[in-house]
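This report looks at salt bridges and at one helix in its surroundings. The sequence and structure come before the details.

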Amino acid sequence: WKIYPSPYNLIISLNGQYQILNLVHKNKTNQLTLNDLSLNLEKSKPTLKKDIEEINHALNEQCVSLKIDHKGLLSFHYKKVMTIDSMITLLAKRTITYQIMDLLLHNVTYSTDELADALMVSRSTIFKTIRHMNNILKEFSVTITTGPLTLSGREEDIRFCFFAFYSSFGDSTIIDSDSEIDAQYLVDEGHKRDHAFLHFSHFRAALWLSIAKARWKCKKLCNLNRSIKVLIKSSKGFSSLEPLLQDYYLSRSNETLSLNETMWLYLVSLHCISYTRQSNLDDGRSYAFYREESPGVIEAIQRFLATVFPEHMIKDGTLEKMEAYLVNARLLSKMSHTYELHSPTMVTQMKARYSELYQVWLEKLTILKNNPLFGFVHIDYLAAALTTFHASLLMKQSYRPLRILFTIQGPPSLDDYILNEIETLFMQRSTVEFQIEHAVTKESIETYQADLVVCNYDLHLIDEQVCRIHRISNVPTIADWRLLMETITYLSLPAYSQTN
């Protein structure tokens with residue numbers, strides 16, 4: 001959940017219920033008791049029972065319940081199968097915070113009394129909740145005001161605030177279900193019209209588009225600053241993308257988008273770029289990671305990277321992803337420094353796992369911060385991103401196959417049996433397909449004949465209905481990889497031994 005600096009904290013009251021659902025879901029043996037929960041979560045049984053009652057009340061309409069049997073064992077009872085992520089989202093949607101954010105997204109301007117009546121809480125609860133939210137939202141340079149309820153701040157920052165909040169739920173359809181199709185249309189049509197393809201994250205593109213559509217509907221539009229307009233207007237990338245954006249909007253509304261809105265969409269498309277280049281992504285497409293940029297900016301970025309890497313790595317294209325990231329981050333930052341923000345979990349993890357690399361980039365960015373060509377503000381977030389790129393390069397350079405020496409003893413037939421089991425578990429190659437630009441569907445799983453799907457957001461697919469679905473954290477930890485290896489090992493076992 002904790003994807004951006006604040007949204008998870010906005011609904012912290014859900015934390016206990018989230019932990020209960022997660023623990024019950026992860027317990028595959030159905031041997032988890034109320035006592036176990038109490039010890040794991042350090043909560044009293046009455047408190048846990050109250051949380052379970054609230055969970056059941058929220059999930060009742062979906063025909064899902066969490067039961068405690070006479071032995072105290074906990075288990076889900078389904079009349080209609082549902083993913084754990086969907087359950088958590090349903091719980092979140094019942095919170096005051098979520099409902100206020102949803103009203104703000106659609107610009108429903110209630111007075112304080114009307115808001116209290118609509119949410120069936122007291123005025124004091126409304127004011128207390130909004131004070132808490134404002135304390136968090138200040139990082140996005142926006143503020144909730146009452147009388148009437150509204151968000152104050154630049155529209156560009158307000159939209160990023162919504163992206164940060166809704167993306168925390170790991171569900172690209174949380175606002176509407178149409179934007180996934182619309183985002184896919186724009187990406188596919190863009191590929192047809194463009195020569196150098198940008199590679200997009202389907203999740204981010206769909207979510208950004210759903211936010212834009214909600215804001216367009218209530219006539220909440222951007223007003224970009226003059227300097228960013230000048231930068232974009234001279235870009236060939238924008239001139240090639242603008243007709244596509246206008247055609248899309250015209251087909252949906254019979255109107256044209258303002259220049260401010262098409263420019264904002266162009267900039268947000270840079271926020272959706274995935275810096276991946278895998279041979280099995282699709283049929284031999286060539287990729288660009290940023291649209292055309294002036295030679296002066298490219299040279300300045302290359303000089304910056306040369307303070308850490310040898311020059312030959314810049315010339316041979318090894319650092320193209322880092323270069324592209326800085327090109328895109330600079331443009332987004334010129335619109336608003338808020339767009340430099342990303343995952344605080346990733347920042348924490350990079351600091352802990354690659355502390356020396358992180359410090360190097362933080363020091364270098366501190367100097368770059370004073371360069372008017374860049375003027376970055378949130379350098380800790382940028383340092384974490386550059387650390388991930390740097391760590392990826394080091395992983396590639398240091399990779400060698402793991403060499404394992406087995407020695408075994410036992411009855412005459414045992415050595416051959418163990419050898420064959422080892423081959424099954426460790427020597428059979430898995431084939432991996434990365435699907436980033438398209439939604440993973442039941443049809444795509446069947447086409448690929450997948451045995452396992454690994455994801456870090458909600459696919460709205462039920463585990464084992466199509467194949468095993470394995471959810472990892474948004475920013476995977478060592479524990480995530482350990483659990484994934486256990487799952488892969490289990491699936492590699494011969495079918496007859498999986499039940500043993």
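## Salt bridges around Glu155

Glu155 is buried, with a relative accessible area of 8%; buried means under 20% relative accessible area, exposed over 50%, and partly exposed in between (1.4 Å probe, protein chains only). Salt bridges that share partners link Glu155 with Arg159, Arg215 and Glu261 in one network; a salt bridge is a side-chain nitrogen of Lys or Arg within 4 Å of a carboxyl oxygen of Asp or Glu. The model is predicted, so local features need pLDDT of at least 70 and side-chain atom pairs count only at pLDDT 80 or more, while totals for chains, interfaces and linings use all residues. Residues are numbered from 1 along each chain as its sequence is written, and side-chain values use heavy atoms, with hydrogens and water left out.

| Pair | Closest N to O |
|---|---|
| Glu155 and Arg159 | 2.9 Å |
| Arg215 and Glu155 | 2.9 Å |

Glu155 and Arg159 are four residues apart in helix H9, about one helical turn; helices are DSSP runs (H or I, at least four residues), and are numbered from the N terminus. Arg215 is buried, at 3% relative accessible area. Asp113 is partly exposed at 43%, and Arg123 is partly exposed at 41%.

In H9 (residues 155-167), 13 of the 13 residues are buried, so the helix is largely enclosed by the rest of the structure.

Notes
Helix = DSSP H or I, 4+ residues; strand = E, 2+ residues; numbered from the N terminus.
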